[in-house]
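Please keep the sequence and the structure in view while reading.

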Amino acid sequence: MKHFDAIIIGSGQAGVPLAKKLAQAGKKTAIIEKGNIGGTCINVGCTPTKAMVASARAVYQAKKASELGIEITDVKVNLKKIKNRKDEIVETFRASAQKGLETTKGLTVFHGEAKFSASKELTITTSAGKEEKVTADWIFINTGATTVVPDIEGLSEIDFLTSTTIQDLEDVPEHLVVVGGNYIGLEFGQMLRRFGSQVTILEKSNRIMGREDEDISNEISEIFKREEIEILTNTEIAEIKEEKKNKLILNVKSKGKNHKITCSHVLIATGRKPQTEKLGLELAGVKTDDKGNIIVSEKLETNVKGIFALGDVKGGPAFTHIAYNDYTIVYRNLIENTNYTISDRPVPYCMFTDPQLGRIGLSENEAKEKGLNYKVAKMPMSQVARAIETNETLGMMKAVVDVDTKKILGASILASEGGEIMSVLEMAVEGGITYDRIRYCVFAHPTYSESLNNLFMKIED
Ligand SMILES: Cc1cc2nc3c(=O)[nH]c(=O)nc-3n(C[C@H](O)[C@H](O)[C@H](O)COP(=O)(O)OP(=O)(O)OC[C@H]3O[C@@H](n4cnc5c(N)ncnc54)[C@H](O)[C@@H]3O)c2cc1C
Ligand SMILES: NC(=O)c1ccc[n+]([C@@H]2O[C@H](COP(=O)([O-])OP(=O)(O)OC[C@H]3O[C@@H](n4cnc5c(N)ncnc54)[C@H](O)[C@@H]3O)[C@@H](O)[C@H]2O)c1
């Protein structure tokens with residue numbers, strides 16, 4: 001049986017850099033991957049979706065170019081070409097990650113599915129059914145998450161789409177029903193609408209983007225409605241039947257009333273669950289919560305000493321940059337003897353709809369729930385010079401500040417390049433730059449970030 005200093009299960013956003021760095025630090029390291037190297041982000045998550053969102057934005061821009069005095073006729077969407085471009089980008093990123101692993105000295109790459117067979121022992125099963133047992137002093141679980149399929153009558157009998165399979169379509173669906181109105185549902189919903197599908201979004205709660213403030217989720221709803229995307233809230237599917245290929249009849253319960261929707265495709269975007277079911281965690285004694293998320297300490301160690309969990313598999317926040325940050329915390333603590341934790345790190349995120357929603361820190365609702373003494377600054381993008389010049393006036397900026405300390409508590413930037421504008425505020429939060437200073441910061445003109453001067457001018461001291 002081969003013994004290693006460290007074994008990483010899963011080559012996700014934490015696993016790949018961690019494996020390389022541990023090997024480079026002189027640890028005899030192995031990484032085990034059952035699928036494609038690079039995990040969700042590179043293969044079926046951020047990279048392919050953002051490549052496709054770029055195509056959707058291009059067609060949208062072409063169609064509204066006449067507002068800028070440019071007449072473009074005959075705009076056509078070639079989904080096959082969009083898919084091929086996406087595939088090429090994915091393959092390049094994946095090959096680079098794979099090469100990085102394979103060329104690192106002291107690092108062994110196993111292709112197969114890992115399962116605990118004892119506390120620090122794993123059995124790797126290859127796709128050909130061959131088994132190999134390995135042991136290690138440190139084991140890092142980075143197995144990510146997968147689509148939650150809701151329990152809907154008839155769903156298992158139809159060929160429904162997930163965030164992975166929708167990326168392989170070569171023809172634009174006639175009418176796509178998206179089940180779930182959060183990141184995945186909204187990014188794909190808008191994308192497919194722009195490609196030419198009729199799109200209906202069904203959300204079981206009373207609004208889309210339920211974790212955001214009401215004004216932000218209302219604003220996104222309005223923007224989607226402008227693009228003729230139908231959003232039905234308080235809505236769930238009771239039953240699905242396939243009448244014939246690409247003709248699905250949905251029996252939908254909406255606001256207490258039943259009605260039927262006929263569509264060609266259904267995308268399930270109702271959340272993701274950790275990939276822990278087949279890991280044999282019970283044989284290692286590793287504890288999970290009732291949803292299967294691995295329970296970790298603030299230093300990402302499980303209840304078993306020497307076994308760590310990183311990324312989506314430990315529950316949210318499920319973002320690539322969080323998985324990556326998990327790696328940096330674990331690596332530095334173990335190899336550089338530092339004392340980092342996940343307890344006080346910022347959690348920025350960006351939903352890549354158009355306009356984007358860049359988020360950092362507390363929402364207004366969260367500040368209220370915490371009983372903080374806060375004020376809110378709000379400004380529509382229609383008041384931002386850069387937005388007017390570029391014809392990107394949809395959306396708004398919103399920041400929540402602490403009245404006593406003048407610190408920025410959080411921001412929601414629903415704007416073109418909202419993710420980049422939010423990052424400016426994140427740097428301010430990290431550096432302790434208060435809102436009264438940002439009011440007078442000199443930003444280059446005319447940039448979106450310059451409008452942060454005016455946003456904070458709105459707060460009455
Ligand atoms: C459609 C979509 C779009 C997204 N867009 C964004 C975005 O724009 N920005 C963002 O920050 N996040 C985005 N995310 C989320 C992001 O992709 C994840 O948070 C991130 O990839 C999590 O990384 P990870 O390291 O936890 O695991 P993953 O990247 O999921 O990797 C886990 C790996 O473990 C492997 N594995 C699982 N079990 C085993 C086993 N038993 N043995 C061996 N290998 C195993 C899997 O095959 C996989 O390769 C998106 C997700 C989706 C689905
Ligand atoms: N840009 C990004 O950073 C990005 C993009 C895509 C995905 N992600 C990550 O992927 C994860 C999964 O995203 P997601 O949008 O699938 O999940 P989610 O859990 O964020 O949202 C699921 C939505 O579906 C609704 N829902 C659940 N069951 C339903 C039902 N039966 N009928 C109707 N609606 C139902 C929920 O109320 C919720 O609004 C997120 O946690 C996110 O971190 C991030």
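## The model and its annotated domain

The structure is a predicted model. In an unreviewed entry, UniProt places the feature "domain: FAD/NAD(P)-binding" at residues 5-325. The end C-alpha atoms of this span lie 22 Å apart, and the span is 29% helix and 27% strand.

## Helix α1

Helix α1 comprises residues 15-24 and is mostly covered, with seven of its ten residues buried. The buried residues are G15, V16, P17, L18, A19, L22 and A23.

Which elements cover these buried residues of α1? The covering includes the strands β1 (2-9), β2 (29-33), β3 (107-111) and β6 (131-141), together with the helices α4 and α8 (320-335). After α1 comes G26, which has a positive phi, near 95°.

## The annotated binding site

The UniProt annotation "binding site", again from an unreviewed entry, covers G180, G181, N182, Y183, I184, G185, L186, E187, E203 and G271. These residues span 92 residues in sequence, yet no two of their C-alpha atoms are more than 14.2 Å apart, so they gather at one spot. Among them, E187 belongs to the lining of the largest cavity.

Two of these residues may be examined in turn. L186 is found in helix α5, which covers residues 183-195. Its relative accessibility is 0%, so L186 counts as buried. Leaving out residues up to four places away in sequence, L186 touches G181, I201, I208, M209, I220, F224, M351 and T353. E187 is also found in helix α5. Is E187 buried or exposed? E187 counts as buried because its relative accessibility is 10%, and the cut-off for buried is under 20%. With residues up to four places away in sequence again left out, the contacts of E187 are T49, K50, C350, M351, F352 and T353.

## The largest nonpolar core

In soluble globular proteins, nonpolar side chains tend to be buried together. In this model, the largest nonpolar core has 32 residues, and F195 and I220 have the most contacts inside it. Which elements each supply at least two residues of this core? They are α3 (46-64), α4 (79-102), β8 (175-179), α5, β9 (198-202) and α6 (214-226). The largest share, five residues, comes from α5.

The surroundings of I220 can also be listed. Apart from its neighbours within four places in sequence, I220 is in contact with L186, I208, M209, M351, L357 and L414.

Helix α11 covers residues 418-431 and has 14 residues; at 1.5 Å a residue it should span 20 Å, and its end C-alpha atoms are 20 Å apart, which agrees. Its buried residues are G418, G419, I421, M422, L425, E426 and A428. Seen down the axis of α11, the buried residues fall within an arc of 165°, so they line one face of the helix.

The face turned away from this buried side carries the exposed residues E420, M427, E430 and G431. What covers the buried residues of α11? The covering includes the strands β17 (349-351), β18 (356-361), β20 (396-402) and β21 (408-415), as well as the helices α12 (435-438) and α13 (451-457). Just after α11, G432 takes a positive phi of about 70°.

## G410 and the annotated active site

G410 lies in strand β21, one of the elements that cover the buried residues of α11. At 1% relative accessibility, G410 counts as buried. Not counting residues up to four places away in sequence, G410 touches I360, G361, L362, K398, A399 and V400. The C-alpha atoms of G410 and R94 are separated by 35 Å, and these residues are 316 residues apart along the chain.

UniProt, in an unreviewed entry, places the feature "active site" at H445. Where is H445 found? H445 is found in the loop between α12 and α13. Its relative accessibility is 57%, so H445 counts as exposed, the cut-off for exposed being over 50%.

Definitions and conventions:
Residues numbered from 1 in each chain as written. Chains lettered and ligands numbered in written order. Predicted model: local features only at pLDDT ≥ 70, side-chain atom pairs only at ≥ 80, totals over all residues. Heavy atoms only, no water. Helix = DSSP H or I, 4+ residues; strand = E, 2+ residues; numbered from the N terminus. Expected span 1.5 Å × (residues − 1). Buried < 20%, exposed > 50% of the residue type's maximum accessible area, 1.4 Å probe, protein only. Arc of directions from axis to C-beta. Contact = heavy atoms within 4.5 Å. UniProt positions renumbered as here; feature names shortened; annotations may be inferred. 1 Å grid on protein atoms, 1.4 Å probe; cavity = no way out; pocket = protein on both sides within 12 Å on 5 of 7 lines; lining within 4 Å. Core = buried A, V, L, I, M, F, W, Y, C linked by side-chain atoms within 4.5 Å.
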